[in-house]
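Dear colleague,

Please find below the structure that I am handing over to you.

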Amino acid sequence: MCGDGVTAHVYRQIARREPRTPSPAVPADDRPSWQRPPAGRVIDLTHVLNPLFPHWPGDRPFEMRPVSRCSEDDFHANELMLHEHSGTHVDAPAHVRAGALTVDAIAPADLVAPLVVIDIADRAAVDPDTMLATADILAWEAAHGPLPARCLVAMNSGWHRRVAAPGKFLNIDADGYMRTPGFDPAAAAFLAEQRDVVAIASDTLSVDAGLATDFGAHLAALGSGLYAVEALAHLDAVPAAGALVIVGAPRHQGGSGGPARVLAFV
Ligand SMILES: [Zn+2]
């Protein structure tokens, strides 16, 4: 919020500004590397968060309340009320273990990682309880080579396409059980113990399958100091190997996780 005089001054400056004329194109090769845009495309792996976004049963839905709106005297601002594990979000190790790394303390270097996408969508289309198994990881390695060092391993179950239909995303059956794919706890343990991985990720609300009662994938991954990313979007738009991912984790002190902007450079 600004004082009346300051706001009026800013609006006068904006009104006076000429539209920008594009500068003449410079051949990309002539520019120093820091002035060149990243090669290839940037894919947003983040869902838009709104009050209808499917959430864990019992958690509060996302809320956004207007605080002020653009006018002569004010700027546009909202107040957010949300559960940390809302929308596309990070789980810090502290989500499952007291005293473990909180979201503000995740090493920045671990938030930029080679992206590995393991596709189990065909299986999930006919069996919502299917799990990403160690065999799927070994099959990925047979096709693409060893998992790269300090990578993020994402499960593409096709569930990211269901977000617009929250009932289909949570897929709760008549007995109240969520029927959604996830990591087999043994596969999560294999990644944590046998490979050099910074995080596991899913396009479902949980890295554990919906029927999991012991949350073995969470415990195996987060319990070993990895973080997780849940409810990723657009995994069909990125290759199985060769992209780089940036996880824009929030930094509220002591947090167990939180909504993140996740971008892939392809
Ligand atoms: Zn979570």
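In which sense do strand S5 and strand S11 pair, and over how many bridges? Strand S5, residues 112-119, and strand S11, residues 243-248, pair in the antiparallel sense, and 4 bridges connect them. Within this pairing, leucine 115 of the chain has alanine 243 of S11 standing opposite. Please note that the model is a predicted one.

**The protein as a whole**

The protein has 266 residues, and 40% of them count as buried. Its secondary structure consists of 6 helices and 13 strands. Among the contacts with a separation of 6 or more, 72% are between residues 24 or more positions apart. The protein exposes about 14,000 Å², of which 57% is supplied by carbon and sulfur atoms.

**The sheet**

An open sheet is built from 9 strands with mixed pairing, in the order S1-S13-S11-S5-S7-S9-S10-S4-S12. Its edge strands are S1 (42-44) and S12 (257-259), each of which pairs on one side only. From one strand to the next, the twist averages 25°.

S5 and S7 run parallel and are joined by 5 bridges. Here the bridge partner of leucine 115 in S7 is leucine 152. S7 also runs parallel to strand S9 (residues 197-202), again with 5 bridges joining the two. In that pairing, cysteine 151 stands opposite valine 197 in S9.

Why is strand S7 described as largely enclosed by the rest of the structure? The reason is that 6 of the 6 residues of S7 (residues 151-156) are buried. In a regular strand, side chains alternate between the two faces of the sheet. In S7, Cys151, Val153 and Met155 point one way, while Leu152, Ala154 and Asn156 point the other way, and all are buried.

For comparison, the ideal angle for four tetrahedral donors is 109.5 degrees.

Histidine 85 counts as buried because its relative accessibility is 9%, where buried means under 20%. Aspartate 91 has a relative accessibility of 0% and therefore also counts as buried.

**Two residues with a positive phi**

Most residues other than glycine have a negative phi. Asparagine 171, however, has a positive phi near 50°. This asparagine is found in the loop between helix H4 (166-170) and strand S8 (182-183). Asparagine 171 counts as partly exposed, because its relative accessibility is 22%.

Alanine 231 likewise has a positive phi, near 60°. Its place is in the loop between strand S10 (227-230) and S11. Is alanine 231 buried or exposed? With a relative accessibility of 0%, alanine 231 counts as buried.

**Two further positions**

Alanine 135 belongs to helix H3 (residues 134-144). Its relative accessible area is 53%, so alanine 135 is exposed; the cut-off for exposed is over 50%. Alanine 135 and alanine 187 are 52 residues apart along the chain, and 8.3 Å separates their C-alpha atoms.

Leucine 211 lies in the loop between S9 and helix H6 (216-222). With a relative accessible area of 39%, this leucine is partly exposed. Leucine 211 and proline 128 are 83 residues apart in sequence, and their C-alpha atoms are 9.8 Å apart in space. Which residues does leucine 211 contact, leaving aside its neighbours within four places in sequence? They are Asp129, Tyr177, Met178 and Arg179.

Yours sincerely

Methods:
Residues numbered from 1 in each chain as written. Predicted model: local features only at pLDDT ≥ 70, side-chain atom pairs only at ≥ 80, totals over all residues. Heavy atoms only, no water. Buried < 20%, exposed > 50% of the residue type's maximum accessible area, 1.4 Å probe, protein only. Contact = heavy atoms within 4.5 Å. Areas by Shrake-Rupley, 256 points an atom, 1.4 Å probe, with all protein chains shown as cover. Pairing = 2+ DSSP bridges. Axes fitted to C-alpha atoms, helices over the stretch in contact; angles between N-to-C directions.
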